[in-house]
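Please read the following report alongside the sequence and the coordinates.

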Amino acid sequence: MQTLINQDVAMAKDFLKAGEVVAIPTETVYGLAANAFDDNAIDKIFKIKNRPNHNPLIAHIGNFEQLELIANPLPSKLNEIIKELWPGPITILCEKRALISSKVTAGSNFVAVRMPKHTLTLELLNQLDFPIVAPSANISNRISPTEANHVCKYFDTKIPMILDGGSCSMGMESTIISYEKNQIVIHRKGAISKKFLESFGNDVVFKNNEKISTPGNFSKHYAPMVPMYLTDDPVTLSEIFVNKKVGFLLYNNHEKLSKKSNIYYLSDKKSDLKLAMKNLYLLMHKLEQDAIEIIIAEMLPDHDEGSTINDRLKRASKSQYIFKNNNLNLHEFTTFNR
Ligand code: TXA
Ligand code: MG
C-alpha cells in the first residue's frame, strides 16, 4: 500500500469512514487515528503499532457535543478545566458511556478524552459523525513522532495516509488527569505542567502506581534504538565512555564538550523549557539517525516543563548516572515494558 502524505482533510475523512487507520497531526505529537465506534478499525491500530491490548486509547473530539456521546456528565472541576484548556494538551479520564467499547478503554469504565488543537485535525473531527481514537503514531515504546516524516519512518506502506500538519507546536504528549476526592490527579506528565494545574485551586498529586495507572507511565518507553544514558554531569560521563562514539543531548553549554560532533542542544537560549520540550523528540529522532554507539543525555532542572522532559528522558534511558562529591551513583532502570 502506498502511503499518501498530504493536507487533504476530505481524503482523511473518507479513509476513516471506510474503517482505515490514518495518521493525524496534533499540537502534541502525531496520532494514529481510527473511528472510535468501529472495533475492527481499532484492532488495526493495535496491530500496526504492535501495542498490547491492555493499553487503552485516548478518544479525540472536535467539539463539546461529541463529549456527551462518549462520557457521563463530568465533575464540575473537570468542566472548568476543559473550558479553559480545550482545544489543547489536557486529557481527562471520565466515566464512559455505552457507545465506547471496552477495546478503547482496555476494560476500564473510564475513557480518556481530549480535544486537540490543530486546525486540520479540528476541521477533520468536525466533519465526522464519530469521535476518533488516536495513540501516538509510533511503534510501541519507540520515540513519539512530531513530524510527518517521523510517522513515515515507522509506518510507510502500512497505512494509507498521513495528514501532514507540519511540526507539532508543543512536541510533547498531553497531560492526563482525573479528579478524585477534591484532588487533580496526574496520571501521565505532559505538556501542561503541575504548576499550571495548581492555578485551578485544588491540590495536584501524581498517581505513580504503574499497574493501575496509565501504561504511558511504564518505566521503559519513548526509547531510541541507540542506548541512552542520563546524567547530571555529561562531561564526566563522556570521560567514562571515552572509547565509544557518543551523541549528546544537552541543555546547558559545556565548554569541554563544545568541539565534539553529534551534539544537540534542547534549547538555544538557556532556561527556555518550553522550547526544550518542543525539541526533545525531534532531536531524539535525529540522534537515532546518527552513526553513534550511545547517547549521553543531560537532565534538566526538575520543575515546570523540565519535570515532564526528565520523566521522558528517564523512560528512554538504560541507566542514570548522578555524580555527587566525586562519587558516582548509578541507577539501572528496569526494563518493565520492553
Ligand atoms: O498528546 C497525546 O495525548 C497524544 C496525541 C496523539 O493526542 N496521544 C497519546 O496517546 O499520547 P498514547 O496512546 O500514546 O498514550 C495515551 C496514554 C497511555 O499511557 C494510555 O495508557 C493512557 O493514555 N490512557 C488511555 N486511556 C486510558 C484510560 N481509560 N485510563 C487510563 N489511562 C488511559
Ligand atoms: Mg504514546
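Gly247 stands opposite Ile295 in E15. That pair belongs to the contact of E13 with E15, which pair in the parallel sense over 4 bridges, two strands being counted as paired if DSSP finds at least two bridges between them. Strands here (E, at least two residues), like helices (H or I, at least four residues), are DSSP runs numbered from the N terminus. The model is a predicted one, in which local features need pLDDT of at least 70 and side-chain atom pairs count only at pLDDT 80 or more, whereas totals for chains, interfaces and linings use all residues. Residues are numbered from 1 along each chain as its sequence is written, chains are lettered from A and ligands numbered from 1 in the order in which they are written, and side-chain values use heavy atoms, with hydrogens and water left out.

Strand E13 (residues 246–250) is also joined to strand E14 (residues 263–265) by 3 bridges, the two running parallel, and there Leu249 has Tyr264 as its bridge partner. Because 5 of the 5 residues of E13 are buried, this strand is largely enclosed by the rest of the structure; buried means under 20% relative accessible area, exposed over 50%, and partly exposed in between (1.4 Å probe, protein chains only). Val246, Phe248 and Leu250 cover one side of E13, and Gly247 and Leu249 the other.

Strand E12 (residues 228–231) is likewise covered on both faces, with Met228 and Leu230 buried on one side and Tyr229 and Thr231 on the other. E12 runs parallel to strand E15 (residues 294–298), to which 4 bridges join it, and Tyr229 has Ile296 as its bridge partner in E15. E12 is also joined to strand E16 (residues 319–324) by 3 bridges, again in parallel, with Thr231 opposite Tyr321.

## The open sheet

An open sheet of mixed pairing is formed by 11 strands, in the order E1-E8-E2-E3-E7-E4-E6-E5-E9-E10-E11. Its edge strands, each pairing on one side only, are E1 (4–6) and E11 (203–206). Within this order, strand E4 (residues 58–60) and strand E6 (residues 110–114) run parallel and are joined by 3 bridges, with Ala59 of E4 having Val113 as its bridge partner in E6.

## Nonpolar cores

A nonpolar core is a set of buried Ala, Val, Leu, Ile, Met, Phe, Trp, Tyr and Cys residues joined through side-chain atoms within 4.5 Å. The largest one has 76 residues, and those with the most contacts inside it are Trp86, Ile177, Leu197, Leu249, Leu280 and Leu313. Helix H10 (residues 273–289) supplies the largest share of this core, 8 residues. Another core, of 15 residues, lies apart from it and has Val9, Ile24, Leu124 and Ile132 among its members.

Not counting residues up to four places away in sequence, Trp86 touches Ile61, Phe64, Leu67, Ile92, Val113, Arg114 and Met115, where contact means heavy atoms within 4.5 Å. Pro87 lies in the loop between helix H4 (76–85) and strand E5 (90–95) and is partly exposed, with a relative accessible area of 32%. With neighbours within four places left aside, Pro87 is in contact with Met115, Pro116, Lys117 and Leu122; the C-alpha atoms of Pro87 and Leu122 are separated by 8.7 Å, although these residues are 35 apart along the chain.

Ser307, in helix H11 (residues 305–316), is buried, with a relative accessible area of 13%. Under the exclusion of neighbours within four places in sequence, Ser307 is in contact with Lys189, Pro301 and Asp302.

## Salt bridges

The whole structure holds 13 salt bridges, a salt bridge being a side-chain nitrogen of Lys or Arg within 4 Å of a carboxyl oxygen of Asp or Glu. One of them joins Glu173 to Arg312, with the closest N and O atoms 3.4 Å apart. This pair links distant parts of the chain, 139 residues apart, as Glu173 is in the loop between strand E8 (161–163) and strand E9 (175–180) and Arg312 is in helix H11; both residues are buried.

Arg315 and Asp311 also meet in a salt bridge (2.6 Å, N to O), and both are buried. Salt bridges that share partners join Glu173, Asp311, Arg312 and Arg315 into one network.
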